[in-house]
Structures are given as C-alpha cells and as structure tokens.
Amino acid sequence: MRLDRELACRDIVELVTAYLEHALLPRDRERFEEHLVFCDGCSTYLDQMRETVAATGRLEPAALPRKLEERLLEAFRGWSPA
Ligand SMILES: [Zn+2]
C-alpha cells in the first residue's frame, strides 16, 4: 500500500488493522503515527483497537462494536482539518 497524501481520519480507520499487524510500509507507518500526534480521536480509536486485540487475542475490524465505530466515524465527520 502506498499513500501519497496526508492521512485523513477515515484513512486511519482503514489502516489501523494493517498498522497493528505491522503491515504498513515504514513511510506509511510514519504518516500514520504523525496523524496520531495531533488527532485525539484517532489516538483513542487506536487505543480501543489495541484493547480489543488484547481482550480477544484477535485483530478483526468486526470486533469493534458497531455502535462505537459509528460514533467515532460520526465524530470524525464533524472535525475540520488541522
Ligand atoms: Zn484522525
């Protein structure tokens, strides 16, 4: 996967699984982490994904409660770019 632009919150949501599986290229991983520095919402999202993985031992997007995912996506939509 190759990313030629700054990451948006929706990209983070899509990439979080690859990130946790260490499947991102180093430069993409860097961008992912840069986004987390200034984005509390995505930091929280990543934390919750990590907790889910720790609790279930699995890494599946479906493991994230549907309601939580909707709430996060809703929150992301309300934000303006930094
Ligand atoms: Zn974000």
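Which geometry does the site of the zinc ion have, given the angles among its four donor atoms? The site is tetrahedral, with angles of 105 to 113° among the four donor atoms. Four donors count as tetrahedral if all angles lie between 85 and 135 degrees.

This is a predicted model, in which local features need pLDDT of at least 70 and side-chain atom pairs count only at pLDDT 80 or more, while totals for chains, interfaces and linings use all residues. Residues are numbered from 1 along each chain as its sequence is written, and side-chain values use heavy atoms, with hydrogens and water left out.

**Overall fold**

The chain contains four helices and zero strands, and its pattern along the sequence is α-α-α-α. Helices (H or I, at least four residues) and strands (E, at least two) are DSSP runs, numbered from the N terminus. Of the 82 residues in the chain, 37% are buried. Buried means under 20% relative accessible area, exposed over 50%, and partly exposed in between, for a 1.4 Å probe and protein chains only. Among contacts (heavy atoms within 4.5 Å) between residues at least 6 apart in sequence, 62% join residues at least 24 apart.

**The zinc site**

The zinc ion is coordinated at 2.0 to 2.4 Å by the SG atoms of Cys9, Cys39 and Cys42 and by NE2 of His35. Donors are N, O and S atoms within 2.8 Å of the metal (3.2 Å for Na, K and Ca); water is not among the atoms, so sites may look incomplete. Along the sequence, the spacing of the donor residues is C-x25-H-x3-C-x2-C.

Cys9 belongs to helix α1 (residues 9–20). With a relative accessibility of 15%, Cys9 counts as buried. His35 is likewise classed as buried, at 4%, and Cys39 is buried at 6%.

**Packing of α2 and α3**

Helix α2 (residues 26–38) packs on helix α3 (residues 40–56) at an angle of about 115°, and their axes are 6 Å apart. Axes are lines fitted to C-alpha atoms, for helices over the stretch in contact, and angles run from 0 to 180 degrees between N-to-C directions. The two helices α2 and α3 are therefore roughly perpendicular to each other; angles under 35 degrees count as roughly parallel, over 145 as roughly antiparallel, 65 to 115 as roughly perpendicular and the rest as oblique.

On the α2 side, the contact is made by Phe32, His35, Leu36 and Phe38, and on the α3 side by Asp40, Cys42, Ser43 and Leu46. By class, the contact of α2 with α3 has five nonpolar, two polar and one charged residues. Here Ala, Val, Leu, Ile, Met, Phe, Trp, Tyr, Cys and Pro count as nonpolar, Asp, Glu, Lys and Arg as charged, and the others, Gly among them, as polar.

| Pair | Separation in sequence | C-alpha distance |
|---|---|---|
| Cys9 and Cys39 | 30 residues | 8.2 Å |
| Gly41 and Leu72 | 31 residues | 7.5 Å |
| Arg31 and Leu7 | 24 residues | 6.9 Å |

Gly41 is located in helix α3 and is buried, its relative accessible area being 11%. Arg31 is part of helix α2 and counts as partly exposed, at 23% relative accessibility.

**A positive phi**

His22 occupies the loop between α1 and α2. Its relative accessibility of 59% places His22 in the exposed class. Phi of His22 is near 60°, a positive value in a residue other than glycine. Most residues other than glycine have a negative phi.

Terms used
Four donors count as tetrahedral if all angles lie between 85 and 135 degrees; four count as square planar and six as octahedral if opposite donors are over 155 degrees apart and all others between 65 and 115; anything else is irregular.
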